[in-house]
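Student: I want to know what stands behind each label on this model. Take me through them one by one.

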Amino acid sequence: MDTLTETHAAALARLGYALSDAGRARILMRLRGGEATPSELVLMLGASKQAVSNQLACLRGCGLVVAERRGRNQVYRLTQAALADALAALAAVTLVVDPDCCGPVGCTCR
């Protein structure tokens, strides 16, 4: 794709907005590995149910995650496999941006 349309620019802006919050970014990175319930995300983030619910609502609104009801549970996943690849590429760029903080063993910055 040689040109960026207004629609593409808006989609990139939504992705940027979603990634501008560490909690949302962590949820997206977790969902790269597969689907998860809100309860699992609450445990992972160490955040309140309300905070995770708000973050998931934002990510749904940005078109990055979808929810599927399974019995009494909602299960969240990324909308596209390509998004998982893009997040992996962004994480790799992060390692280059701050090599003193992040390396092959993991990130030491907080």
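Tutor: Begin with the elements: helices are DSSP runs of H or I with at least four residues, strands are runs of E with at least two, and both are numbered from the N terminus. The model is predicted, so local features need pLDDT of at least 70 and side-chain atom pairs pLDDT 80 or more, while totals for chains, interfaces and linings use all residues. Residues are numbered from 1 along each chain as its sequence is written, and side-chain values use heavy atoms, without hydrogens and water.

Student: How many helices and strands does the chain have?

Tutor: Five helices and four strands. Along the sequence they read α-α-α-α-β-β-α-β-β.

Student: What makes β1 and β2 a pair?

Tutor: Pairing takes at least two DSSP bridges between two strands. β1 (residues 65–70) and β2 (residues 73–78) are joined by six, so they qualify. The two strands run antiparallel. V66 stands opposite R77 in β2. R69 has Q74 of β2 as its bridge partner.

Student: What lies between the two strands of this hairpin?

Tutor: Two residues separate β1 from β2. In this hairpin, G71 takes a positive phi near 65 degrees.

Student: Why is T37 called buried?

Tutor: Buried means under 20% relative accessible area, exposed means over 50%, and partly exposed lies in between (1.4 Å probe, protein chains only). T37 has 17%, so T37 counts as buried. T37 is in the loop between α2 (22–32) and α3 (38–45).

Student: Which residues does T37 touch beyond its sequence neighbours?

Tutor: A contact needs heavy atoms within 4.5 Å. With neighbours within four places left aside, T37 is in contact with Q74 and V75. Both numbers fall in the residue range of β2, 73–78.

Student: What does Q55 touch?

Tutor: D21, G23, R24 and I27, not counting residues up to four places away.

Student: Why are G63 and A67 called partly exposed?

Tutor: G63 has 40%, so G63 falls between the two cut-offs and is partly exposed. A67 has 33%, so A67 gets that label too. G63 sits in the loop between α4 and β1, whereas A67 is in strand β1.

Student: What surrounds A67?

Tutor: A67 contacts Q74, V75 and Y76, with neighbours within four places left aside. A67 and L78 are 11 residues apart along the chain, and their C-alpha atoms are separated by 9.0 Å. For G63 and Q80, 17 residues apart, the C-alpha separation is 9.8 Å.

Student: How much space lies in the second largest pocket, and what makes it a pocket?

Tutor: It holds about 280 Å³. The residues closest to its centre, among 14 in the lining, are A11, L15, L64, Q80 and L83. On a 1 Å grid over the protein atoms alone, a cavity is a set of points where a 1.4 Å probe fits but cannot get out; a pocket is an open set with protein on both sides within 12 Å along at least five of seven lines, and lining residues have an atom within 4 Å of a point. The volume is the space filled by probe spheres set on the points, which are joined across faces, edges and corners.

Student: Which helices supply at least two residues of that lining?

Tutor: α1 (6–19) and α5 (81–97). α1 gives the most, with five residues.

Student: What do the labels come to over the chain?

Tutor: Of the 110 residues, 26% are buried. Among contacts with a separation of 6 or more, 44% join residues 24 or more positions apart.
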